[in-house]
Amino acid sequence: MKIATGSGFSRRILSIGASVLVIAALGFHPVAWSEAEPAVAIPAPLQDEAPGTAQRETAVFAGGCFWGVQGVFQHVKGVISATSGYTGGKARTAYYDSVSTGLTGHAESVQVTFDPQRVTYGQLLHIFFSVAHNPTELNRQGPDYGTQYRSALFPLSAAQGKVAKAYLAELNQSHRFSAPLVTTIEENATFYPAENDHQDFLNNHPDYPYIVINDLPKLQQLKKSFPALWSTAPVLVKG
């Protein structure tokens, strides 16, 4: 009998042999192990950052469990690094057990460093909203719920904030989603890297039930929907 602790109370499962049972007591809520949602075909942003000469830029995204969001961005051409972490709260609460309470203000997030000459912030937003998560779910993603799983963007510059706001408005007006987007734009927030065990989790545990059900389909959707930006080899935190 083995307890497998994932990112958030809802992914703590009890494994008995080949069976996987969900703990529904001791404060853990039941998990609906359903298939991952399909990608949504959405227009690319009409507004993007102006081209410049910089070869390195950083952006922060929050879209539910950071395992899958990190895994998606690690397979995007032009991404230099993608690190799982916590954003929106204080330094003293930026650790897994605290964030998992949903009371810290933090969101599980991913800091993406990229080469804007190869992939733009607007293109990363396109991927984020289309395949990385469902931006219409309020304070939840799939089987996980709580404010730590909210959909949020944390602009690190005025230019990023302007592009993000314009794209949110564009997507809402497009009516491509079944409900209004609930993504928040939160400025002046600090990113704190997560514990080592959470880095490269999708790559390191491709057979983990949560990954198989919720995250591996995102990689297939990325490859299918964005073939020009798909990178077979992921950029890993641990090299």
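**Basis.** I worked from a predicted model, in which local features need pLDDT of at least 70, side-chain atom pairs count only at pLDDT 80 or more, and totals for chains, interfaces and linings use all residues. Residues are numbered from 1 along each chain as its sequence is written, and side-chain values use heavy atoms, with hydrogens and water left out.

**The chain.** I looked up the secondary structure and found six helices and eleven strands (DSSP runs numbered from the N terminus; helices are H or I with at least four residues, strands E with at least two). I noted that 51% of the 239 residues are buried (under 20% relative accessible area, with a 1.4 Å probe and protein chains only).

**Helix α3.** I then turned to α3, where eleven of the twelve residues are buried. Among them are Gly122, Leu124, Ile127 and Phe128.

**α3 against α4.** Two packed helices are described by the angle between their axes and the distance between the axes. I found that the axes of α3 (residues 121–132) and α4 (residues 158–174) come within 11 Å and cross at roughly 40 degrees (axes are lines fitted to C-alpha atoms over the stretch in contact; angles run from 0 to 180 degrees between N-to-C directions).

Terms used:
Buried < 20%, exposed > 50% of the residue type's maximum accessible area, 1.4 Å probe, protein only.
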